[in-house]
Structure formats: C-alpha cells, structure tokens
Amino acid sequence: MTRRVIIDTDPGLDDAVAILFALASGLFDVIGVTTLAGNIGLERTTANAGALLTAMGRSDIPVISGAATAMLRDNIDASVIHGDDGLRGVTLPEALMSPQSGAVDWLARTLTDAPSGSIDILALGPLTNLAQLVTHHPAAAERIGHLIVMGGTIHEPGNAGPMAEFNFAFDPEAVSTVLRSGIKTTIVPLDVTRRVRADRPYVKALRHTPAGDIAANLITAYLQDDRQSRPLHDPCVMLLAVAPGLFEIERFRLGVDLALDADAGTLRLSETGSPVNVAMRVDVESALALLASAFD
C-alpha cells in the first residue's frame, strides 16, 4: 500500500530528483507539496515545484508556498550550487496551476482532517514550515505519522560550517523546535548522503522515459567534476521512506547549536538532548538501484 505523504521542499537540483522519484515510482501517494525559501528564494522554489508536477502530469497535486525567511535569521543563499533558477538551466514546462499560499495552515487542516498518524512528511529543506506548525498548531503536528528529514551531520564535516549542514544552518531555531516536539523523526545526515553519488554511466542509463530524461538532465547539471555528481542528499529521504532496510539507524540524544557564528545549526550529542533516529550508514549500490528503478 502506498503511503500518503506531503513533501516539504525548496527545489533545488537534488530536491527535484527526489520529487521525480516520489512521483514516478508509484510508491507514494503525494497529497501536497509545501515550499519554503531554502536553497533559493521562495518564489523560485515554489515555481520549480509546480513545474516538476506539471512535467510529470500531476497538476492535481497542490503546491502551497510557506516560509520566505528563517524564523530569526537572515537567509543563506545556495545559488552557487543550484544556479539562480535553482535547476542550473534545466528547462521544465511552466506550472499549469497557480500555487496556493499559507503552507502552515494548510498542513494543519490536512493533518487534522486525516486519521492521526496516516500522513508522513518528507522534509527536504530547512524546517521552518514544520517549526511554525509545531508552534502554532501543536495538536495538528502531533498527528504526523513519521517525519523524515534531510539535514545535519554527526561525524562528517559540514557544508555550511565546520560541522553544520546547510538545511540546519539555514534555520537552527526551527530544527530545535522540531526535535523538541516529540514528533517521530528520522534524520538523514551528511554521514549517509555523501556516500550516494551518481556517475556518468548511471546517468546515461536513466534515459529511458520522460521522467528519466528529466532526472538525467538534473543530475548532469549536478555533476561535481564531470564524472561524479555531488551527493544526492534529498533522494535519500525518499529511499529511506520506502526501503528503511537499506539504512542502518542509530538513536541519539541531540541538541542544536544556536550560536550566531559558523557553528549555528550543528547537532550536538547531549544527555539532555531530544531522542532522535538518525541514519548512519547506507547500502549505496542498492540505494542507487532503487532510485534508478523509478525511471525504467
């Protein structure tokens, strides 16, 4: 049975590949896509989400825009990685449907109207929307079945600070709010995502279907050294959701560094921290095979 999910996202190249997998695999019932600023500004991330749904013939899925800024901090720009358009020039059709606004209220209504625990949230960007949901609609937030988050690092160096990962560094207060909420949460950190990369032969093999062509174009734009892609961070969230056996999960008590320096967003092991499941290892070959299987 497919699992009902909401994708909270800031596309972004690897976000886009993750969304394509969710739509093409037939393994998810995607009931909505909520957006936030994250990698690039809110207007562009929202437009990219709508364009991906249109490209996949899924304009029936609503796109709802959310947080334009972090809770307490200035935004961090990631256009150096994703390009000014978020997709490094990969062309998609214009979205057929206009986005809605008010992602947090939409999340609250949707969760309240569904049986408790029946909807999972796959969070591919900063956690601002989810933190605002916890703050303003705590009873609705408690109805989330499973929150799977791409973010943070345990032992790996960071990509936004010495030990700070971009999504968590973007809005550390949001991370702290969500981890303290008691929502069933699994984090997929850089310790796992940096292992999952695609090379040129893998990308070429994706080109069998329209969705596969788009995925191949996106990963090609994401190549780091003309041979291998940057880490496929966000697709790992989708892969864990459908095949948790590919990952080794450990449970840690974690706090979040709320400093006003380069350590902001760093996860800290702490006896008084919140208990959180964290993916620490992955079967890379099987993960890449599962990702590719959606585009056959």
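Visitor: How are axes and angles defined for helices here?

Guide: Axes are lines fitted to C-alpha atoms, for helices over the stretch in contact, and angles run from 0 to 180 degrees between N-to-C directions. Helices are DSSP runs (H or I, at least four residues), numbered from the N terminus. The model is predicted: local features need pLDDT of at least 70, side-chain atom pairs count only at pLDDT 80 or more, and totals for chains, interfaces and linings use all residues. Residues are numbered from 1 along each chain as its sequence is written, and side-chain values use heavy atoms, leaving out hydrogens and water.

Visitor: At what angle do α4 and α5 pack?

Guide: Helix α4 (residues 103-113) packs on helix α5 (residues 128-136) at about 60 degrees, their axes being 9 Å apart.

Visitor: What about α1 and α11: how do their axes cross?

Guide: The axes of α1 (residues 13-24) and α11 (residues 210-221) come within 9 Å, crossing at roughly 160 degrees. That makes α1 roughly antiparallel to α11, a term for angles over 145 degrees.

Visitor: Which residues meet there?

Guide: L13, A16, V17, L20 and A24 in α1 meet A211, I214, A215, L218, I219 and A221 in α11. By class, this contact of α1 with α11 has eleven nonpolar, no polar and no charged residues. Nonpolar covers Ala, Val, Leu, Ile, Met, Phe, Trp, Tyr, Cys and Pro; charged covers Asp, Glu, Lys and Arg; the others, Gly among them, are polar.

Conventions:
Helix = DSSP H or I, 4+ residues; strand = E, 2+ residues; numbered from the N terminus. Parallel < 35°, antiparallel > 145°, perpendicular 65-115°, else oblique. Contact = heavy atoms within 4.5 Å.
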